[in-house]
Amino acid sequence: MCQLLGMNCNVPTDVVFSFSGFAQRGGRTDSHSDGWGIAFFEDKGLRHFVDHLAAADSPVAELIRRYPIKSQNVIAHIRKATQGSVNLQNCHPFVRELWGRYWVFAHNGDLKDFRPRLHGHFRPVGDTDSEHAFCWFMQELAKSHACVPSISELTLTLKELAARLSSAGTFNFLLSNGQALWAHASTHLHYIERRYPFGHAQLSDEDLRLDFSKETNPTDEVAIVATSPLTTNEKWTALAPGELLVFTQGRKVL
């Protein structure tokens, strides 16, 4: 299965430390070598990078490790293909526009025989079950709300939609519109919230340690979501199967 990484913060923050360890799972510490991608929100804008090469060897991934892009919402994905060929159009995260905002989605799992009818302007470019599911998500959200709903209203709708998709197979996912980060667990997904007083963290996939107290301000709040814990000396919380969480301003709110 694939690997997911999400970050939600109350101030623009770089994801270099977490991504450095995460990228090693793309062909070095794990066998997920069928492409990768990452998306950074900046206000309503979006920086989106994908590559069909393994993340551990990708020159684009090396750029991200060295370039501290700051964002309040980030989603990254490392692919191990179960459906769809290994090419650029099948790399997550996927991006669509709805209600005048970009939406970013990444999926870990396998949805067997899931091809519901798509009748709106949301259509897949590649041939993965993941992108088809995302297009269906966007289609159903647009049908459920006449105008931009609140985060709590969106969360209620997403819970209903996620339950329907989960019946088709494994459906761990991250979703963001730049205002919040939604995380849904079908099997494996973990999160951690970091705030003052900040301490040290040791990556589990790379020999790298960081003292967050030297890199942050006392008012900073950061939430990280990953398929499996990225550090060895911090307490991560596992999501329960079927659980959907939403993070805003670096905190779990629902």
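Author: Start with burial: buried means under 20% relative accessible area, exposed over 50%, and partly exposed in between, with a 1.4 Å probe and protein chains only. This is a predicted model, where local features need pLDDT of at least 70, side-chain atom pairs count only at pLDDT 80 or more, and totals for chains, interfaces and linings use all residues. Residues are numbered from 1 along each chain as its sequence is written, and side-chain values use heavy atoms, with hydrogens and water left out.

Reader: Is T231 buried or exposed?

Author: T231 counts as buried because its relative accessibility is 6%. Helices (H or I, at least four residues) and strands (E, at least two) are DSSP runs, numbered from the N terminus. T231 is found in the loop between strand 12 and strand 13 (237-238).

Reader: Which side chains make a polar contact with the side chain of T231?

Author: A polar contact is a pair of N or O atoms within 3.5 Å; within protein, one must be able to donate a hydrogen and the other to accept it, and residues adjacent in sequence count only if both atoms are side-chain atoms. The side chain of T231 has such a contact with that of E234 at 2.7 Å, and another with that of W236 at 2.9 Å.

Reader: What is I224 in contact with, leaving aside its neighbours within four places in sequence?

Author: Contact means heavy atoms within 4.5 Å. For I224, the partners include L5, M7, S18, Y191 and W236. I224 is in strand 12 (residues 221-226) and is buried, with a relative accessible area of 1%.

Reader: How do helix 1 and helix 2 pack?

Author: Two packed helices are described by the angle between their axes and the distance between the axes. Axes are lines fitted to C-alpha atoms, for helices over the stretch in contact, and angles run from 0 to 180 degrees between N-to-C directions. Here helix 1 and helix 2 (residues 59-66) have axes 8 Å apart at an angle of about 150°. Helix 1 is therefore roughly antiparallel to helix 2; angles under 35 degrees count as roughly parallel, over 145 as roughly antiparallel, 65 to 115 as roughly perpendicular and the rest as oblique. V16, F19, S20 and A23 in helix 1 meet A61, I64 and R65 in helix 2.

Reader: How many residues of helix 1 are buried?

Author: Eight of the eight residues in helix 1 (residues 16-23) are buried.
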